Amino acid sequence: PDSWAKSLVDEGVIAKFIPIDMSQDAEAVFQQSLDAIRALGKDPLTLDADACVTFCELSVPVVARLCEVLGLPGHRPEAVDKARDKHRTRAEMKKAGLPTPKNILIHSEQELAEAERAVGFPAVLKPISGAASLGVKKVSSSEELRKGYAEVVGELSKLVVSSGALTQDDGSGKGVRAENAMDCTILLEQYLDGGEVDVDVVMSGGEWRYAAVTDNGPTLEPYFNETWAVCPSILPSKQQKELKELAVDTLNCLGFTDGVFHVECKYTSHGPQLIEVNARMGGGQVHECNLRVWGVDLVEETLFAAAGIPCRPFIPSKDPPGGGVAYCDINAEESGILQNLDFLASLQQKDGIIWAKPYVKAGTQVVGPQDGLPTWIAEIVVQRRNANEALAYLQKIQDEIKPDIR
């Protein structure tokens, strides 16, 4: 009800705002949304709905169900369920002959020994559905597996879904427990070496129409917090081609035909491997990055697909028109109180800075990697003539930044 979108009515961007309490369970959100969409046809401001769309990961399943019931273009619920469940994704990939790491579900502490035998070390604990690396941890021994499992179970028990997003419970009483909104079963999966990438894909009529690779920097293990990213990819063209092919083949084997997808992969010592499929546009800086580098507006393509309009984004035949874009999230390196955000003020005046924005306010208690999942303090986005220059410029800035935490 208090969504930022409410103000768009006064701005003339949208015709109508209908509040739905997203802290309810999924079935209540689905039914209230269905009733509200059906009522649009009686309102001369809106008339019947032509499309139903979301950019939020946790809303993808309910939107797929709405599209199915309303007869609107959209993902099939079965395809979405397979993508949201990492264990089912792996099973479908294995049936299709695609590379699949060893993995097993863990329902209780009593199954840890069996999981260790099946997967081995190093390995990664993660919920079969989730977002933003919450509840993800690397383990390298039986002792780490035992402790890590207890930690992940504890972390997931403290998560709530509030306003459609997965967050830590702040004690306010807002939101529904994560376990009531998503499957929190834990997966133990073979650790994948190599560099992580994002492959942003536009599908239309069962064919891929756009696929762009963005390189990700080393994650902060054992929690896999992201550090930096650069687009276009600076990997060899052969590796980029293999990564794109794996992303598209995975989408096909899951049953997707149309839409915008954010597919996370790694190029390992044994070739490309999938991390996960997100059946929606990537969050954070993904839209800005693809728009600035390649001139492809993923929001526009999402709306085209949702309305059943064929997607045909223009793809430059040679170098990307926007040069290179790099971005990073500044992670807290230690726990304590963030004293100020002075380091952002000077950055905002520098040439090549697209933006430098805080995630938290001065005075916030932040967490460093020694105490848990690191807090993201701020985000920085830069643009240069090419990807190598953009990344070098960003890393120079990263080296100079030292948030005051005490």
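Student: What makes E9 and strand E10 a pair?
Tutor: This is a predicted model. In it, two bridges join E9 to E10 (residues 228-231). Asn 216 stands opposite Ala 229 in E10.

Student: How many bridges join E8 to E9?
Tutor: Eight, and these strands run antiparallel. Asp 198 stands opposite Thr 214 in E9.

Student: What do E8 and E9 form, and what is the phi of Gly 205?
Tutor: A hairpin, with two residues between the strands. Gly 205 sits in the turn and has a positive phi of about 65°.

Student: Why is E9 called largely enclosed?
Tutor: Seven of its 10 residues are buried. Buried means under 20% relative accessible area. E9 is therefore largely enclosed by the rest of the structure.

Student: Which residues have the most contacts inside the largest nonpolar core?
Tutor: Val 199, Val 201, Leu 251, Phe 256, Phe 261, Val 263 and Cys 265, in a core of 28 residues. Elements that each supply at least two residues include helix H2 (60-70), strand E8 (195-204) and strand E11 (259-268). H7 gives the most, with seven residues.

Student: What is Phe 256 in contact with, leaving aside its neighbours within four places in sequence?
Tutor: His 75, Ala 79, Val 80, Ala 83, Met 203, Leu 251, Phe 261 and Ala 279. Contact means heavy atoms within 4.5 Å, so each of these residues reaches Phe 256 within that distance.

Student: Which residues are in the other core?
Tutor: Among its 27 residues are Val 360, Ala 390, Ile 397 and Ile 401. This core lies apart from the largest one.

Student: What makes E1 and E3 edge strands?
Tutor: Four strands form an open sheet in the order E1-E7-E2-E3, with antiparallel pairing. Strand E1 (103-106) and strand E3 (137-139) each pair on one side only. The twist averages 25° from one strand to the next.

Student: How do you know that E1 and strand E7 pair?
Tutor: E1 and E7 (residues 186-190) share four bridges, in the antiparallel sense. At least two are needed, so they pair. Ile 106 stands opposite Ile 186 in E7.

Student: Which strands does helix H5 touch?
Tutor: E1, strand E2 (123-127) and E7. H5 (residues 112-119) packs on the sheet, and its direction makes about 175° with that of E1. Helix H6 (residues 142-157) lies across E1, E2, E3 and E7, at about 165° to E3.

Conventions. Residues are numbered from 1 along each chain as its sequence is written. This is a predicted model: local features need pLDDT of at least 70, side-chain atom pairs count only at pLDDT 80 or more; totals for chains, interfaces and linings use all residues. Side-chain values use heavy atoms; hydrogens and water are left out. Axes are lines fitted to C-alpha atoms, for helices over the stretch in contact, and angles run from 0 to 180 degrees between N-to-C directions. A nonpolar core is a set of buried Ala, Val, Leu, Ile, Met, Phe, Trp, Tyr and Cys residues joined through side-chain atoms within 4.5 Å. Buried means under 20% relative accessible area, exposed over 50%, partly exposed in between (1.4 Å probe, protein chains only).
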